[in-house]
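Let's walk through this model together, from single side-chain pairs up to the place where the chains meet. Keep the viewer open as you read.

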2 protein chains.
Amino acid sequence: MLYLIGLGLGDAKDITVKGLEVVQQCSRVYLEAYTSILTVGKEALEEFYGKELILADRETVEQNADTVLKDAHQCDVAFLVVGDPFGATTHSDLVLRAVKLGIPYRVIHNASILNAVGCCGLQLYSFGETVSIVFWTDTWKPESFFDKITKNKKNGMHTLCLLDIKVKEQSLENLMRGKKIYDPPRYMRVNEAAEQLLAIVQNRRQEGEEPKVTEDTVCVGLARVGAVDQKIASGTLQEMITAELGGPLHSMIITGILHPLEIEMLKLFAVNKVIFEN
Amino acid sequence: MLYLIGLGLGDAKDITVKGLEVVQQCSRVYLEAYTSILTVGKEALEEFYGKELILADRETVEQNADTVLKDAHQCDVAFLVVGDPFGATTHSDLVLRAVKLGIPYRVIHNASILNAVGCCGLQLYSFGETVSIVFWTDTWKPESFFDKITKNKKNGMHTLCLLDIKVKEQSLENLMRGKKIYDPPRYMRVNEAAEQLLAIVQNRRQEGEEPKVTEDTVCVGLARVGAVDQKIASGTLQEMITAELGGPLHSMIITGILHPLEIEMLKLFAVNKVIFEN
């Protein structure tokens, strides 16, 4: 049996009781390590589970799925995913491969950022399409996420922005030389996301557009949701530039139409309460 | 301290290890009992936690929140919610009351239907606004959810439809006589939701509209997501009328634009695979 097990968002103890029992009975336990991270590392998980973990990077899962699934007809294999197992497309792919090989599978769900963002008080029902904001480079500055945010905003919906994660990336130089040397991991902060968004707002104005999202749009910055030191800051997009939220992972919400109860909740996390008085 | 603790979706063991530890240390533990249900009852939870639970119905939480929060300055109080604590607005309200009374709070997240629906293989990023489908009565047949589904569909997005739950409802007769006699709980099934949707499709055609959602729209019916006996059926809206999904809770998804990998996943649950061959 293949078990896909969500680990939730905080630390080792955010696994469910059911998930923990399954991990402890499995022959092999993989830890997916490229779509998200916990506030604790592999070692802390191994100690808590009393079980050795095999790190599964993107290459392993996408190109060597058969290694993960090996002998899963006869034994139990667990595949651990931070958050919920179906946050990322890759994991559907693993399920499909298992089914094709005749291996039964089971999912043990957990919180993911997609529902845990509700902690800021915005109604989950009122979110439109989720977008990903990627790190810009000198030569590649995509703006397509801005159009999706705008579409949600026009429909009165909030947008959850997942911020880029760069894990096990090679510099162009190392890639070309065929050297398997990787850059240190990078996690986009709310401030960087806000800077990129504000740059797009400027671009759009220069193109004669009147953007629906502006410096004054109410946003929410979230860091380490679900962990003890979780931080939430609400304020304008401009204010997000200087919000101090600490270490990764960060996410950001661009709000649509706000319900009075949502405003009351956002006030709890306001950088500057005056914004929410009107 | 007030703890809001998500229970996940299946049974007693879907609580997180952290959640279980907190429950066991709390002076009072409330179980919210009107926005969702687990596949097990209060007694099974009490036995597993080794702790007595106080059932909190809508009245208790909305009108007697002070009872829930009593002495929470000095002692720990847990408020258990099926799924994740921020699925329903009511719980924001409880947080706001706690903050006003100077009571600190913490949230222990878990899976909710809003992210666990990913198990059918549809990408969570591609969902638009979530809607609720309510039981029609002889005199009240609202159609507003259909317009939201249509809007999502036009934007290529999937729609998660949460199906009505009637718990502790009084008949008009008992209400007028002031008798606190309650009807047995009712949970809308996918079949009933599909019937109501098809009735709206007919109405719209009679009004000269050409509805975006029709008999042939691909839908997914889900029952008891996260439980061992979870059931998923994919097919046309027409096929949902006869889908056999068993006991509650049910949810339904009306799909938008389908990605090839999504189609591959939906095939696993197809009532009739031919639908997905084109």
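R97(B) and D93(B) make a salt bridge, with their closest N and O atoms 3.2 Å apart; the term here means a side-chain nitrogen of Lys or Arg within 4 Å of a carboxyl oxygen of Asp or Glu. The two sit about one helical turn from each other because they are four residues apart in helix 5 (residues 89-100) of chain B. Helices (H or I, at least four residues) and strands (E, at least two) are DSSP runs, numbered from the N terminus. R97(B) is partly exposed at 31% relative accessible area, and D93(B) is partly exposed too, at 24%. For those labels, buried means under 20% relative accessible area, exposed means over 50%, and partly exposed is what lies in between (1.4 Å probe, protein chains only).

A word on ground rules: this is a predicted model, local features need pLDDT of at least 70, side-chain atom pairs count only at pLDDT 80 or more, and totals for chains, interfaces and linings use all residues. Residues are numbered from 1 along each chain as its sequence is written, chains are lettered from A and ligands numbered from 1 in the order in which they are written, and side-chain values use heavy atoms, with hydrogens and water left out.

Helix 2 (residues 42-49) of chain B holds another such pair, E46(B) and K42(B), four residues and about one helical turn apart. Their salt bridge spans 3.5 Å, N to O. Here E46(B) is buried at 17% relative accessibility, whereas K42(B) is partly exposed at 25%. Over in chain A, D71(A) pairs with K70(A), again at 3.5 Å from N to O, and D71(A) is partly exposed at 38%. Over all chains, the rule gives 34 salt bridges.

Now look at E143(A), in the loop between strand 6 (131-133) and helix 7 (144-154) of chain A. E143(A) is buried, at 18% relative accessible area. Its side chain makes a polar contact of 2.7 Å with the side chain of N203(A). That term covers a pair of N or O atoms within 3.5 Å; within protein, one must be able to donate a hydrogen and the other to accept it, and residues adjacent in sequence count only if both atoms are side-chain atoms. Leaving out residues up to four places away in sequence, E143(A) touches W136(A), I200(A), N203(A) and R204(A), where contact means heavy atoms within 4.5 Å.

What about the meeting of the two chains? In all, 52 residues of chain A are in contact with 52 residues of chain B. Together the chains bury about 4500 Å², 60% of it on carbon and sulfur atoms; this is the accessible area (1.4 Å probe) that two parts lose on being put together, summed over both. On the chain A side, K18(A), H109(A) and Y125(A) lose the most area to chain B, together 14% of what that side buries.

There are six salt bridges between chain A and chain B. One of the charged pairings is D11(A) with K18(B), at 3.2 Å between the closest N and O atoms. Helix 5 of chain A supplies the largest share of the side of chain A that touches chain B, six residues.
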